[in-house]
Amino acid sequence: MSTQQVVANDEMGMFTAETPAFLITIDTEGDNLWHSPREVTTKNAAFVPRFQSLCERWGFKPTYLVDYDMARSREFQEFGCDAIRRSTAEIGMHLHAWSTPPEFELTGNDTACRPYLIEYPEAVLRDKVALMTDLLEQTFGVPMRSHRAGRWAFNETYAKALIDQGYWVDCSVTPHITWKNNYGNPAGEGGIDYRDFPEHAYFVDPDEIGRVGCSPLLEIPMTIRPCKSGLIRRIRRRFGEQAIVSRALNRLVPAHTWFRPRRKKNLVDMLEILGWVKRKKIDYVEFMLHSSEFMPGGSPWLRNESDIDALYESLEIVFQAATSAQFRGATLAEYYLQYKHENLRR
């Protein structure tokens with residue numbers, strides 16, 4: 001099995017506050033899953049090469065976190081194998097519990113409800129993780145090292161399953177964000193509350209994943225900047241995210257800014273995050289997008305070619321700014337290797 005995908009370049013040097021890593025994560029999945037289609041298509045595989053070419057032109061190396069449907073797309077298989085052969089990207093795992101074998105009906109209509117994997121029995125959770133890992137490794141000929149949970153739902157059971165499968169990296173944590181009011185199983189407890197989780201990389205404690213531990217699994221939280229106003233943050237926390245006062249505030253001042261393009265133009269916000277990361281002395285910034293957002297009509301907010309062209313215009317500006325600010329491209333596995341090396345030196 002080839003290991004070229006996960007061997008870091010010794011000449012890259014360590015990622016530091018002055019020269020942070022620029023980590024690109026793409027949830028690589030079916031077309032417009034926001035609409036919960038009964039029949040999942042993967043036409044967006046044909047639009048991924050354009051994004052890959054942009055990344056290569058700027059010296060960045062995406063990590064494509066691939067779900068069950070896209071793993072079986074012949075077009076994406078050819079693309080992924082070529083990127084691995086050229087060491088220009090990493091293939092990792094992304095798991096949507098409701099569409100990944102083995103079948104286990106949890107809600108009576110899992111396609112519509114989209115339950116979190118952490119809501120399934122542990123044996124089912126582990127079987128789905130094992131099947132996806134085997135499928136991806138057999139398809140792309142490399143070990144799976146990086147992972148992101150479907151719908152950002154991660155817990156201790158899930159972490160232990162990844163560790164047992166040999167994963168190095170998870171990137172499911174969304175600091176400052178709670179998903180408690182977002183349901184999978186309608187009879188469940190909602191998603192995970194990540195508001196007190198670290199916003200920097202850390203080896204997880206598998207018995208309490210929000211705490212720094214000594215496991216081999218490195219958590220690389222998504223880059224999310226909280227509202228600048230401490231007063232507004234306290235008001236939201238006091239009344240809850242769904243309270244009328246909090247929703248009113250959200251119309252005036254966004255509660256959080258993610259390092260990802262959004263349905264409304266947020267180019268200025270993304271550029272400001274690059275400076276915020278350096279001021280906070282975080283040694284990486286993590287970008288994310290869905291593969292279907294590269295295709296006209298692949299998401300509810302990018303409906304036509306004009307929308308896609310506007311997306312790429314923004315990406316050009318962000319990538320240029322990151323390069324000028326001395327961010328350096330790396331896959332998640334490459335970042336892991338250098339982070340681990342630096343921790344061993346300390």
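Visitor: Where is Pro102 found?
Guide: Pro102 is in the loop between β3 (90-95) and α4 (110-113). This is a predicted model, and in it the peptide bond from Pro101 to Pro102 is cis. Omega for that bond is near -5 degrees.

Visitor: What about positive phi: which value does Ser36 have?
Guide: Phi of Ser36 is near 50 degrees, and Ser36 is not a glycine. Ser36 sits in the loop between β1 (21-28) and α1.

Visitor: Is Ser36 buried, exposed or partly exposed, and why?
Guide: Ser36 counts as partly exposed because its relative accessibility is 23%.

Visitor: And what is phi for Lys281?
Guide: Lys281, which is not a glycine either, has a positive phi of about 60 degrees. Lys281 lies in the loop between α9 and β11 (284-290). With a relative accessible area of 60%, Lys281 is exposed.

Visitor: Let me step back. How many helices and strands does the protein have?
Guide: The secondary structure comes to eleven helices and twelve strands.

Visitor: How much of the protein is buried?
Guide: Of the 346 residues, 54% are buried. The accessible surface comes to about 15,300 Å², and carbon and sulfur atoms account for 49% of that surface.

Visitor: What share of the contacts joins residues 24 or more positions apart?
Guide: That share is 72%, taken over contacts with a separation of 6 or more.

Visitor: On to the inside. Which residues touch the most other members of the largest nonpolar core?
Guide: They are Phe22, Phe51, Tyr64, Tyr158, Phe259 and Tyr335, in a core of 98 residues. Helix α10 (residues 305-324) gives the most to this core, with seven residues.

Visitor: Why would nonpolar side chains gather like that?
Guide: In soluble globular proteins, such side chains tend to be buried together.

Visitor: Now Ser146. Where is Ser146?
Guide: Ser146 is in strand β4 (residues 146-149). At 0% relative accessibility, Ser146 counts as buried.

Visitor: What does the side chain of Ser146 make a polar contact with?
Guide: The partner is the side chain of Glu90, at 2.7 Å.

Visitor: Which other residues is Ser146 in contact with?
Guide: Setting aside neighbours within four places in sequence, the contacts of Ser146 include Thr63, Leu65, Gly92, Met93 and Tyr167. Val169, Leu332 and Ala333 are in contact with Ser146 as well.

Visitor: Change of topic: how many salt bridges are there?
Guide: The count comes to 18 salt bridges.

Visitor: Why do such pairs form at all?
Guide: Side chains of opposite charge can pair when their charged atoms come close.

Visitor: Which residue does Glu334 meet in a salt bridge?
Guide: The side chain of Glu334 meets that of Lys61, at 2.7 Å from N to O. This pair links distant parts of the chain, 273 residues apart. Glu334 is in helix α11 (residues 332-345), and Lys61 is in the loop between α1 (48-58) and β2 (63-66).

Visitor: Is Glu334 buried or exposed?
Guide: Glu334 is buried, with a relative accessible area of 2%.

Visitor: And what about Arg211 and Glu208?
Guide: Their side chains meet in a salt bridge at 3.1 Å, N to O. Arg211 is partly exposed at 40% relative accessibility, and Glu208 is partly exposed at 39%.

Visitor: How about Glu272: which residue is its salt-bridge partner?
Guide: Glu272 pairs with Arg225, at 3.8 Å from N to O. Glu272 is in helix α9 (residues 267-279) and Arg225 is in strand β9 (residues 224-226), 47 residues apart. Glu272 counts as partly exposed at 31% relative accessibility, whereas Arg225 counts as buried at 11%.

Visitor: Last topic, cysteines. How many disulfides does the structure hold?
Guide: The structure holds zero disulfides. As for individual cysteines, Cys81 counts as partly exposed at 33% relative accessibility, and Cys171 counts as buried at 0%.

Note on methods: Residues numbered from 1 in each chain as written. Predicted model: local features only at pLDDT ≥ 70, side-chain atom pairs only at ≥ 80, totals over all residues. Heavy atoms only, no water. Core = buried A, V, L, I, M, F, W, Y, C linked by side-chain atoms within 4.5 Å. Buried < 20%, exposed > 50% of the residue type's maximum accessible area, 1.4 Å probe, protein only. Helix = DSSP H or I, 4+ residues; strand = E, 2+ residues; numbered from the N terminus. Salt bridge = Lys/Arg side-chain N within 4 Å of Asp/Glu carboxyl O. Polar contact = N/O pair within 3.5 Å; in protein donor to acceptor, adjacent residues only side chain to side chain. Contact = heavy atoms within 4.5 Å. Disulfide = S-S within 2.5 Å. Areas by Shrake-Rupley, 256 points an atom, 1.4 Å probe, with all protein chains shown as cover.
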